[in-house]
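Please keep the model open while reading.

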Amino acid sequence: MIEFSAVAKSAVAAEVSLSVAGKKFTASKDISKGVATWSGGGASLQPDERTTFGAFAKSLESSWVKPANVAKTPVPLHRDLTIRLAMLVAEAPVGTKIGDLDVPRPVERYGQPKVPDMKLAVESCVKEGTAVTAPNSESRSKVLAACQQSNEDGILYTGCNENAWVVHDANSHCFLGESIYVGPASYDCMGKCGGGCFIVTGYTYDCADHDRCGREHGGSTNPWDAECGDEYFEADDDFLYSSNQCG
């Protein structure tokens with residue numbers, strides 16, 4: 001069972017708390033100041049608790065978001081933040097402790113990230129780069145530097161149905177770069193912030209990185225996950241601020 005409180009401080013500021021099994025997750029957001037915070041108080045979730053948050057977010061989509069869309073009215077900020085926090089917590093890697101995080105309003109951009117020249121789908125960006133460049137050369141340094149781009153420093157939206165260059169790292173390998181199909185027409189809406197094809201958030205590179213890592217390494221479902229935690233925290237601004245650019 002989830003207990004929640006969603007308070008509108010004003011039309012542009014809200015505070016939310018969600019509690020399950022004695023664990024409390026909170027978030028605040030002030031659009032006028034461009035600031036947001038969220039916290040789990042150092043708690044971590046188990047698989048059944050994550051599933052509960054996912055189901056909770058889905059129920060709010062049906063009861064809050066879809067009626068607003070039909071009426072062509074915006075979802076009030078306190079409700080919007082409740083949904084975003086529920087989705088964000090539902091994606092947390094199992095066992096990952098969630099502390100206090102500040103999330104200032106990020107820069108929102110469209111377009112392509114900087115990627116190595118070899119944009120084709122390859123097993124490993126690093127492996128491919130070292131295969132075509134000389135040891136200790138300037139060209140190798142540039143290729144390897146391009147492979148290590150794990151954070152978009154804000155929100156970088158993907159296209160709606162196209163191949164996007166996504167990267168992630170894990171205990172078993174360095175940064176892996178791949179060309180992955182993203183958007184509403186992709187399998188399970190790849191690149192969407194949140195599970196499945198939820199309406200509120202957008203398709204972004206950070207969320208695509210996290211989605212791909214999760215599919216490869218168990219991500220949010222692996223009880224001993226040390227693989228996708230960094231991708232998860234890099235995507236928190238995308239969860240809290242992105243909008244659905246694919247309609």
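## The C160–C246 link

C246 is buried, as its relative accessibility is 16% (buried means under 20% relative accessible area, exposed over 50%, partly exposed in between, with a 1.4 Å probe and protein chains only). Its partner is C160: the two form a disulfide with sulfur atoms 2.3 Å apart (a disulfide is a pair of cysteine sulfur atoms within 2.5 Å). C160 counts as partly exposed, at 29% relative accessibility. The link of C160 and C246 is left-handed, with -100° about the S-S bond. C160 sits in the loop between strand 7 (155-157) and strand 8 (162-170), and C246 in the segment after helix 7 (236-241), so the pair ties together parts 86 residues apart in sequence. Helices (H or I, at least four residues) and strands (E, at least two) are DSSP runs, numbered from the N terminus.

This is a predicted model: local features need pLDDT of at least 70, side-chain atom pairs count only at pLDDT 80 or more, and totals for chains, interfaces and linings use all residues. Residues are numbered from 1 along each chain as its sequence is written, and side-chain values use heavy atoms, leaving out hydrogens and water.

## Other disulfides

A search of the whole structure finds 4 disulfides. One of them joins C189 and C197, with sulfur atoms 1.8 Å apart. The torsion about its S-S bond is about 95°, so the link of C189 and C197 is right-handed. C189 is buried, at a relative accessible area of 2%. C197 is partly exposed, at 42% relative accessibility.

C213 and C228 form another disulfide, their sulfur atoms 2.0 Å apart. C213 lies in helix 5 and C228 in the loop between helix 5 and helix 6 (229-234), so this pair ties together parts 15 residues apart in sequence. The link is left-handed, with -90° about the S-S bond. Both C213 and C228 are buried.

## Helix 5

Helix 5 (residues 205-217) has 13 residues. From first C-alpha to last, helix 5 reaches 18 Å, close to the 18 Å expected at 1.5 Å a residue (the expected span is 1.5 Å times one less than the number of residues). T204 caps its N-terminal end: a side-chain oxygen of T204 lies 3.1 Å from the backbone nitrogen of C207.

Conventions
Polar contact = N/O pair within 3.5 Å; in protein donor to acceptor, adjacent residues only side chain to side chain.
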